[in-house]
Amino acid sequence: MIDLRSDTVTRPGRAMLEQMMNAAVGDDVYGDDPTVNQLQEYAARLAGKEAALFLPSGTQANLVALLSHCQRGDEYIVGQQAHNYLFEAGGAAVLGSIQPQPIDAARDGTLPLDKVASVIKADDVHFARTRLLSLENTHNGKVLPQAYLRDAWQFTRERGLGLHMDGARLFNAIVEYGCELDEVARYCDSFTLCLSKGLGAPVGSLLLGNRDFIKRALRWRKMAGGGLRQAGILAAGGLWALQNNVARLADDHANAAWLAEALRETGADVTRQDTNMLFVRLPEGTAPQLGEFMARRDVLINAAPVTRLVTHIDVSRQQLETVVSHWRAFLRG
Ligand SMILES: *Cc1c(COP(=O)(O)O)cnc(C)c1O
């Protein structure tokens, strides 16, 4: 199978599995799991943050972050297409009584700060209390400009807001910036990282911030059902991913750029490619046929009028060449 639906489909490789099998474990709800502790300390050091927390999913990490920043009746400003607004089942509102204030992102994935300023509520009984700006990096594959991160940080300091970054794919941005994690992490109060996307671990996300924040997050994680016991088995995979699979994300980006170019040469309408994602506009009404045509040839895609293709550790350049030849055959009819 060649699976281009997402970078969440990656499977742990042998070396990662061996590290998982050999992990020292304990009861993490008691704080006793040495491998979870090692992962959290390693990530915090890498990020230049005081503390980190291991959670089962990115969705829970975002929820716990919002609960730790905001009280009932508070509000967070967020992108219309942001994962922690659109794709997390309304968790912040349903479980936290936290009101989202969505705004449209600019083409580069940023939330323009003048637009953010225009939706900050006055201190008035009619309004929710605006508490937090939530950004996403990368956003649909787009790397937020580093200058924008600094400006947003400065802006939130001036306006008394917290700044959370959904960094599910932050390492894809780090690889593009060519800098270290702490050079970006310093421009937010808290951020998340997904270990189970391009980094290739089977399960897990991290939430990072200062010690007080992570202490609050620990209680919310327990309440959300995310307190795990011998979680070191999972944390070992995450640690292996952080130590071995970051730099190679550049290969995924190069593969996505190659695939975009090769598909364009077949006549496909590739609308854009950023980091490990590309988007192809299909001729009207052809999405279902393309999906079936590819599936019969062991290629999995989320066929849609604009189809997103995602490269990752488990697809090679050679496999992408196979995909291109199938695509050409499909277009030839
Ligand atoms: C995947 C993703 C998440 C959530 O991660 P899960 O582990 O699938 O819950 C959060 N934010 C962004 C931007 C994501 O792409």
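Ligand shell and helix packing in a predicted model

Helix α3 (residues 58–69) contributes three residues to the shell around the ligand, the most of any element; helices (H or I, at least four residues) and strands (E, at least two) are DSSP runs numbered from the N terminus. This is a predicted model, in which local features need pLDDT of at least 70 and side-chain atom pairs pLDDT 80 or more, while totals for chains, interfaces and linings use all residues. Residues are numbered from 1 along each chain as its sequence is written, and side-chain values use heavy atoms, without hydrogens and water.

User: What makes a residue part of the group that surrounds the ligand?
Analyst: A residue is near a molecule if one of its heavy atoms lies within 4 Å of it. The ligand is surrounded by S57, G58, T59, N62, H83, E88, E136, D166, A168, R169, C194 and K197.

User: How do the residues of that shell divide?
Analyst: Into two nonpolar, five polar and five charged. Ala, Val, Leu, Ile, Met, Phe, Trp, Tyr, Cys and Pro count as nonpolar, Asp, Glu, Lys and Arg as charged, and the others, Gly among them, as polar.

User: Why is α8 called roughly perpendicular to α12?
Analyst: The axes of α8 (residues 170–177) and α12 (residues 249–265) cross at roughly 85° and come within 9 Å. Angles of 65 to 115 degrees count as roughly perpendicular, so α8 is roughly perpendicular to α12.

User: Which residues of α8 and α12 meet?
Analyst: F171, N172, V175 and E176 in α8 meet L249, A250 and H253 in α12, where contact means heavy atoms within 4.5 Å.

User: What makes the peptide bond from N137 to T138 cis?
Analyst: Its omega is near 0°.

Methods: Axes fitted to C-alpha atoms, helices over the stretch in contact; angles between N-to-C directions. Parallel < 35°, antiparallel > 145°, perpendicular 65-115°, else oblique.
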